[in-house]
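Please find below a few numbered remarks on the assembly, to be read alongside the sequence and the coordinates.

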Protein chains: 4
Amino acid sequence: MIDVAVFGAGRIGNIHAGNAAKSPGVRLAHVFDPNTQAANALAAKLGAQVASVEQIFGDDKIKAVMICSYTDTHADLILAAAAAGKQIFCEKPVDLDVARARACAAAVEKAGVTCMIGFQRRFDPTFSALKARLATGEIGTPEMLIVTSRDPGAPPIPYIKSSGGIFKDMLIHDFDIFRWILEDDPETIHASASCLTDPGIAEAGDGDSTAVTIQTKKGRLCQINTSRRAAYGYDQRFEVLGSGGMLQAGNHAPTEVVASTTRAVSRDLPEHFFLERYRAAYAAEMSHFFAVLSGAEQLRTTIADGVKALELADAATTSWREGRIVRMNA
Amino acid sequence: MIDVAVFGAGRIGNIHAGNAAKSPGVRLAHVFDPNTQAANALAAKLGAQVASVEQIFGDDKIKAVMICSYTDTHADLILAAAAAGKQIFCEKPVDLDVARARACAAAVEKAGVTCMIGFQRRFDPTFSALKARLATGEIGTPEMLIVTSRDPGAPPIPYIKSSGGIFKDMLIHDFDIFRWILEDDPETIHASASCLTDPGIAEAGDGDSTAVTIQTKKGRLCQINTSRRAAYGYDQRFEVLGSGGMLQAGNHAPTEVVASTTRAVSRDLPEHFFLERYRAAYAAEMSHFFAVLSGAEQLRTTIADGVKALELADAATTSWREGRIVRMNA
Amino acid sequence: MIDVAVFGAGRIGNIHAGNAAKSPGVRLAHVFDPNTQAANALAAKLGAQVASVEQIFGDDKIKAVMICSYTDTHADLILAAAAAGKQIFCEKPVDLDVARARACAAAVEKAGVTCMIGFQRRFDPTFSALKARLATGEIGTPEMLIVTSRDPGAPPIPYIKSSGGIFKDMLIHDFDIFRWILEDDPETIHASASCLTDPGIAEAGDGDSTAVTIQTKKGRLCQINTSRRAAYGYDQRFEVLGSGGMLQAGNHAPTEVVASTTRAVSRDLPEHFFLERYRAAYAAEMSHFFAVLSGAEQLRTTIADGVKALELADAATTSWREGRIVRMNA
Amino acid sequence: MIDVAVFGAGRIGNIHAGNAAKSPGVRLAHVFDPNTQAANALAAKLGAQVASVEQIFGDDKIKAVMICSYTDTHADLILAAAAAGKQIFCEKPVDLDVARARACAAAVEKAGVTCMIGFQRRFDPTFSALKARLATGEIGTPEMLIVTSRDPGAPPIPYIKSSGGIFKDMLIHDFDIFRWILEDDPETIHASASCLTDPGIAEAGDGDSTAVTIQTKKGRLCQINTSRRAAYGYDQRFEVLGSGGMLQAGNHAPTEVVASTTRAVSRDLPEHFFLERYRAAYAAEMSHFFAVLSGAEQLRTTIADGVKALELADAATTSWREGRIVRMNA
């Protein structure tokens, strides 16, 4: 039995804590959130105790912490957790600042602890099946990757203002997909962005629609298109063209009902947002974390992955703001 | 908190007991199975106690029982549970004999207890969404129902011999779908069967492939086709033609990966068998049972439904064996 | 160059004459229709001459005739054409009366002429590809056939009254599909019908919705469901379950546009009626006819096929009217 | 009746001449090709006469010419045809040199003749239906366009060497799709290319895989991805994200057969190459040309469209070769 604590009792904290509490051999011992009401509610729901940050890091029985708090607290918590010798699960991004993220990575390495970053998409049943089939050589050598990543609607403007911008906040996942699928280092990146859905986003200095091209050292090409608003819901697809064919990852629908009426033949919209679409992914991700801690599996999304995705987000931001192609360092 | 006991620690007992144990406000107190090893394993897994039939019925704290044992024990357990004033969940079929099933229904009614029959398909996300859309009038008045119901492979011959035949064992679900979807009483039924996949099934006096037509009192038509062996897996579809259109319930696939190679564009096979396909349905079914016990919902699959499906299975068997159309009594 | 004449300048006459006129090595010489205006229009459109029945049969240069006139003229025209030594293409059905159809078949055989019956569905790209794949053994031995055949709307009541009934008028095609796909003789047939879409059809003594089951001598099962009215258009599908898998023939859509809106993900309705859906089939059918005449191909839809489909339609009508299962003679 | 002549009796000349010859009110009078054998064959097939360039331009009865010859002859033939007052249909591209293309456009304007450029994709049933639905506002204001354009295999290296490069040879169509769908002027263009399928293409100084991003003056975003080799065939898709939803244009398949076997559920590959996929588009395009000549329709793909697509191809080539974002002049 391993005792764990969670920092952050918001939406994503609830998901991860819930999955942890259901994991065999895991006990959710402590919950911390500066919002006491949220902390109490989550602790009560899962039979845990509310605790302070100091109590958590000072409790030797706590072997692992799950960092699900605001982005600007991630780095400090990682550093403290590493110093305390705790195993770490941390939501993406590591930090909005690459230098700080690298410092975290160094601290984690020095402490010799596990630090898994929450790129849950790698654990999605469709995405992970595609990746596994790629590995069998089913479509030969990958040559191009096309990623479509669209949210059903934009977050509130205050959130956007503190988000680090669309490339760090939203495309961080897509940059990780790029690295995971093409398994090659980026050579150049070009990013465009526009504000097409809400002038408030432009006023906040951000874009809501982006188009990114990455060329890898091996010459492979990746295009990513994103929007903060797809009227039909959450659109999460990618396709890989290989020398021997193509693999496509499509959206999931809640049901398999098909209606034929006088107007059209129609199906369900995709599952509406990340809580629905990635429900299975979040569960599989947490299983992986505990399997890593038990020694049964090798860590698949490291803090180095978090740093690399952030470097791409940084470069994309620069490309867009400065209107130029950015060359990546190896 | 309500205490429940389960009879039967086999495959389906494990599913139902597991779902019950996860239900808020429910405590799985006792497990019974003549196979002590299976009973112990299930009890250990879910933190319950092994108990005898007598202990279960004699324990006043046990408010509800789940009958997941062999078919030939269902009727006795229903009668005993009704006599003991327990709320009942019973796997289909009530019994292979219509008269006994009716006797159980009468006992349940007299005792004033709930008796839910496990027609889990009604709780499948796709099937229940279709039913709900039918109720909105999206396709007008239903006129025809086509049911395709095919297993990936036949059960062992000894099982088939004691199963009551394909119409009672396999089509019992499809007859319930017919009643649930068309909401009309059968006027006539015609059933054909052949043995096409394994001569051993014919030697056991049964068929493995069937074609059934039911005409309702309102003239609506239903066709059911079934096979014990679909090489591509578990095929569970139906479609309803209405005056204003059609609704189709399709198979569920494990992932949404599409592969385009030099040979074809291909997708996943359907989820392989009932444990995968109806996982969500089993969970929703058990939620419904406890929601009924708490008074939050009205019972949706009663013992009367179990009797009616059995009557159709009986009539189909007669139609096939005697080579004639059978007229149903109201 | 082969000279041909067409009887009937209606909708189907226009299609066949147009396809003949476009065939290399074929000259559409004559057109006959009791409706002079229709005959003139068709002749003018295709550069042919209007002629009388006698002129056509008396003209030695005319080697082949296409019978596209009303059903009640088919048999007389076949007999006269056979007597005159003309090669024959005749629209289905041969006749509404099986005895007369058999007499026509005998006359054709005696005359040694070709008589192709217009079961154009066999020439549909999707249906013929499915048949070819069946022949390769892709799904092993066929066991079950499910045919869905629905019109977008019923013909006028006067047409229905003289149509011979829904089994001869509409299901004649489906009976031919049954014979073509399963390649086995029917042992028994059971047919139900209801009138659900228009009471006028019931008053005309016919049904608009049918459910048919055929069991073959080898025990294979076929179910056919039809309706005179599918609100979403022309629905022409069938599926074959074999020992090694399933082949399905789906509807054709006019375009491959997919729309995702706030309500649903939708596609085009199927092509609306037989003129659109079977356009390619009609062209391929006529190519086959002339390829047979030139000796390049073996006739694939003979008058014997026309008789056999009619026998099934007759038996289905009897089954429905007399409420009994009909046993077919070999 | 209008008399027309065709320059070029190759693959595309055969298609256009054949469609012209079938058009009501059109007579294919003359065929020219420096390859006499090809000219003779096409003329014989369609009942036309072989003629020299001078004869065609000197023949007053010839009202229109179709330029289907090698790209390097297009400009001279357009200039000569305009000077001779002929109506013009010309295959894309106008020329590989933008300045020459502009000179052609000026000559056409001065002569007051029609000059239609063969962007047949605009006439594809799926693409044109999507465009029409866009115009109805079905998905609101277009924001993003994603174009996937992949050939089944690369042309021979000698062809590639004289093709003007992949952006002028292959993406010229995609640039036209961009202009046609988004109806906005390009502000910037960024193009990457790699050689991933055949080193011979790199040796010829070209790429076989490209990734293009265009940002319009209104901030709309377009991404185009292309490959010279898709193992699964000819892949021609695009999707438009609008403020109210998405419209996608998918591939066409030869049949609607679906196979379910022990391995997968599979469908046909897309129609294999442009002759199959765009058969209907080529016919509709030629109908439009003659409808324009008769005054019934307004010209939809002008020489100005040809020039604009070429400007984009030029800019894309520069972007790739110089590794920079290119700003377009209005």
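This is a predicted model: local features need pLDDT of at least 70, side-chain atom pairs count only at pLDDT 80 or more; totals for chains, interfaces and linings use all residues.

1. Where chains D and B touch, 10 residues of chain D are in contact with 10 residues of chain B. Strand 14 of chain D, covering residues 265-267, supplies the largest share of the chain D side, namely three residues. Sorted by class, the side of chain D that touches chain B comprises five nonpolar, four polar and one charged residues. Because 100% of the interface residues of chain D are also interface residues in chain B, the copies meet through the same surface.

2. The pairing of strands across this contact deserves a separate remark. As for individual pairs, B:Arg267 has D:Val265, in strand 14 of chain D, as its bridge partner.

3. The contact between chains A and D takes 27 residues from chain A and 28 residues from chain D. On the chain A side, the elements that give two or more residues are strand 7 (142-150), strand 8 (186-194), strand 9 (209-216), strand 10 (221-227) and strand 12 (245-249) of chain A. The residues on that side of chain A divide into 11 nonpolar, 14 polar and two charged.

4. Within chain B, how do helix 5 and helix 13 pack, and at what angle? Helix 5 (residues 98-111) and helix 13 (residues 303-322) of chain B pack at an angle of about 170 degrees, and their axes are 9 Å apart. Since angles over 145 degrees count as roughly antiparallel, helix 5 of chain B and helix 13 of chain B are therefore roughly antiparallel to each other.

5. As to the residues that form this helix contact, helix 5 of chain B contributes B:Val98, B:Ala101, B:Arg102, B:Cys104, B:Ala105 and B:Val108, which meet B:Ile303, B:Ala304, B:Gly306, B:Val307, B:Leu310, B:Glu311 and B:Asp314 in helix 13 of chain B. By class, the contact of helix 5 with helix 13 in chain B has nine nonpolar, one polar and three charged residues, with B:Arg102 among the residues from helix 5 and B:Glu311 and B:Asp314 among those from helix 13.

Methods:
Residues are numbered from 1 along each chain as its sequence is written. Chains are lettered from A and ligands numbered from 1 in the order in which they are written. Two residues are in contact if their C-beta atoms, placed from the backbone, lie within 7 Å. Helices (H or I, at least four residues) and strands (E, at least two) are DSSP runs, numbered from the N terminus. Ala, Val, Leu, Ile, Met, Phe, Trp, Tyr, Cys and Pro count as nonpolar, Asp, Glu, Lys and Arg as charged, and the others, Gly among them, as polar. Two strands pair if DSSP finds at least two bridges between them. Axes are lines fitted to C-alpha atoms, for helices over the stretch in contact, and angles run from 0 to 180 degrees between N-to-C directions. Angles under 35 degrees count as roughly parallel, over 145 as roughly antiparallel, 65 to 115 as roughly perpendicular and the rest as oblique.
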